Amino acid sequence: MIAFIKDAYIVFVKDLKIEWRTRNTSGHVLPFAFFVLVFFGFTFNSSQTVLEQATPGLIWMVVLFVTIVAAENSLRLETENEAVRLLLTGGVLPAAIFVGKVGSVVLQLLFVELVLVPGAVVFYASDVESLPLVVAASAGATIGLATVGCLLSTVVVGVKARRTVLPILFMPLVSPVLVAATRAFGDAFGVFAVNGWSWTGLLALFAVVNLIVGAMMYSQLLEDI
Amino acid sequence: MNTQADFMHPERITSSKATEATESRRTAGTGSRTSFWLGVVTSIGVAGLAALGFFVVPADDVQGDAVRIMFVHVPSAVGAYLAFGLTLLGSIMWLTRKSEWWDILAHSAAEVGTLLCGLAIVTGMLWGRPTWGTYWEWGDVRLMTTLILFLIMVGYLVSRSAFGTADPVSTATKAAVIGIAGAANIPIVHKSVDWWADRTLHQPSSLTDGKIEDLTLLTLMFGFLVVGLFLCWALIHRFRLGWLERELYAEELSEALHARRLEAAEEDRSRS
């Protein structure tokens, strides 16, 4: 178990170091997320009421797009020059690679959300009524999205049409996360009259199940890379 | 089957073997005598269900004639669950046993299940219009979760075709992962109405509540039987088609290897 945690930590730190040097999230993903947030405002004909009502859904739609980009990038690091082979040859456990990658993608997504939520408050005139709920729902939903994203990015490695296949697979699979996260944020922003904490519980369950199932199946996928 | 002598001297292999294989492939169908009669019984069953549903069962006191859609809608939904359950089983068994039989079963069941799931959604929409006053209700959790399940399985089928046939083992493994992840949604879809009762127009199961009686119940049960027969019939044919696809691929690969060996033997001969 200690070896597993150590391996996962090594992969996590490695990915973050690469991210720090390449500035992929801060340089490309974050501006992309910000642009989408602003352009949603244009598409809703600048209607403040509609934007306020739609804020929870819009935030999570942006995070959904960003997850696809971040997860695909995370796997690209391993497939270029067959880096993943070196990791496996070095004795790193496949499940630890998965957990490490999920950890690094989660941190990058949380960084993006840290900009998106205040962005929505400023541009969409939304009010955060429960910050703990925002934090808890963000954590649960982000882990859920990152686990599915990392798993499916590995599935589509080597597929010619992977840029279209990945969203086709990813979006339906994470739709329970999208629904639950939107509901929880709806409560936190005072838009929907629902119990946000029960939706957050569902997000936590989804995150845990996906993390365990993903870690169990990852070795099978790495065999084919 | 090529012998050791054939392998050492590929020029000895005449084209008759390839012709023979192609001929056998041409004559091989996707059915058998049993599946033919199963198809006949299923067709009679469909006609019988239509007759019972349209002409024998009386209109419902509350739903009127719209209740007749239930005889196709409910069995289709249950058939789709069953088929996706087979996809889950086939996917798990592929990952543990690596037998192509299980992979073909998972793929076949996903195709038939997607068809039945689509039928359940369409019939549900047709039922919703006169009953709820709308074809689609975004606030209804059962509709949403069933649509999600349908889209997941469409994604499964699209990705299978995108993975290609060049590496069947890799394709099967990747598809198995998607199949397992997708089929994990079945319990959510099934229990959605109970879990989110305040967010659904969809009624709880009338069957388990004992609200359906007599001829309506009998027709619904007959609907289950007919959809079950169709599921078996379609699975047999799709499975056999998948099996023939594998054989064809292996055959083409074998022919390509044979042609390459002949070329190599020709080159050796010209050198000497």
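**Burial, salt bridges and a nonpolar patch**

Author: Helix α7(A) is largely enclosed by the rest of the structure, since 19 of its 27 residues are buried. The model under discussion is a predicted one.

Reader: What lies at S175(A) in helix α7 of chain A?

Author: A kink of about 50 degrees lies there, shortly before the proline P176(A), in the helix formed by residues 162-188. Just after α7(A), G190(A) takes a positive phi of about 70 degrees.

Reader: Why is α6(A) described as largely enclosed?

Author: Of the 25 residues of α6(A), 19 are buried, so the rest of the structure largely encloses this helix. Over chain A, 51% of the 225 residues count as buried.

Reader: Which elements make up chain A?

Author: Chain A has 8 helices and 0 strands. As for contacts in chain A with a separation of 6 or more, 82% are accounted for by residues 24 or more positions apart.

Reader: Why is the pair K101(A) and D15(A) called a salt bridge?

Author: The side chains meet at 2.6 Å, N to O. The cut-off is 4 Å between a side-chain nitrogen of Lys or Arg and a carboxyl oxygen of Asp or Glu, so the pair qualifies. K101(A) lies in helix α5 and D15(A) in helix α1 (residues 2-22), 86 residues apart, and the pair thus links distant parts of the chain. K101(A) and D15(A) are both buried.

Reader: What makes R163(A) and E72(A) a pair that ties together parts of the chain?

Author: Their side chains meet in a salt bridge at 3.5 Å, N to O. R163(A) belongs to helix α7 and E72(A) to helix α3 (residues 48-79), so the parts tied together are 91 residues apart in sequence.

Reader: Is R163(A) buried or exposed, and how is E72(A) classed?

Author: R163(A) has a relative accessible area of 60%; exposed means over 50%, so R163(A) is exposed. E72(A) stands at 18%; buried means under 20%, so E72(A) counts as buried.

Reader: Which residue forms a salt bridge with E111(B)?

Author: The partner is R238(B), the closest N and O atoms being 2.6 Å apart. E111(B) sits in helix α5 (residues 100-132) of chain B and R238(B) in helix α10 (residues 214-271), 127 residues apart. E111(B), at 31% relative accessibility, counts as partly exposed, because this class lies between the limits of 20% and 50%. R238(B), at 11%, counts as buried.

Reader: What joins K14(A), D15(A), E78(A) and K101(A) into one network?

Author: Salt bridges that share partners join these four residues. Over all chains the count comes to 14 salt bridges.

Reader: What makes the nonpolar surface patch?

Author: The patch covers about 1,100 Å², and its residues include F34(A), F35(A), L114(A) and V135(A). Helices α2 (24-43), α5 (94-123) and α6 (131-155) of chain A each give two or more residues. The most comes from α5(A), with 5 residues.

Reader: Why is F35(A) called exposed?

Author: F35(A), found in helix α2 of chain A, has 52% relative accessibility. Exposed means over 50%, so F35(A) counts as exposed.

Technical notes
Residues are numbered from 1 along each chain as its sequence is written. Chains are lettered from A and ligands numbered from 1 in the order in which they are written. This is a predicted model: local features need pLDDT of at least 70, side-chain atom pairs count only at pLDDT 80 or more; totals for chains, interfaces and linings use all residues. Side-chain values use heavy atoms; hydrogens and water are left out. Patches are made of residues with over 30% relative accessible area and no salt bridge: like charges are joined within 9 Å, nonpolar side chains (Val, Leu, Ile, Met, Phe, Trp, Tyr) within 5 Å. Accessible areas come from the Shrake-Rupley method with a 1.4 Å probe; for residues, only the protein chains shown count as cover. Helices (H or I, at least four residues) and strands (E, at least two) are DSSP runs, numbered from the N terminus. Buried means under 20% relative accessible area, exposed over 50%, partly exposed in between (1.4 Å probe, protein chains only). The bend at a residue is the angle between axes fitted to the seven residues ending there and the seven starting there. Contact means heavy atoms within 4.5 Å.
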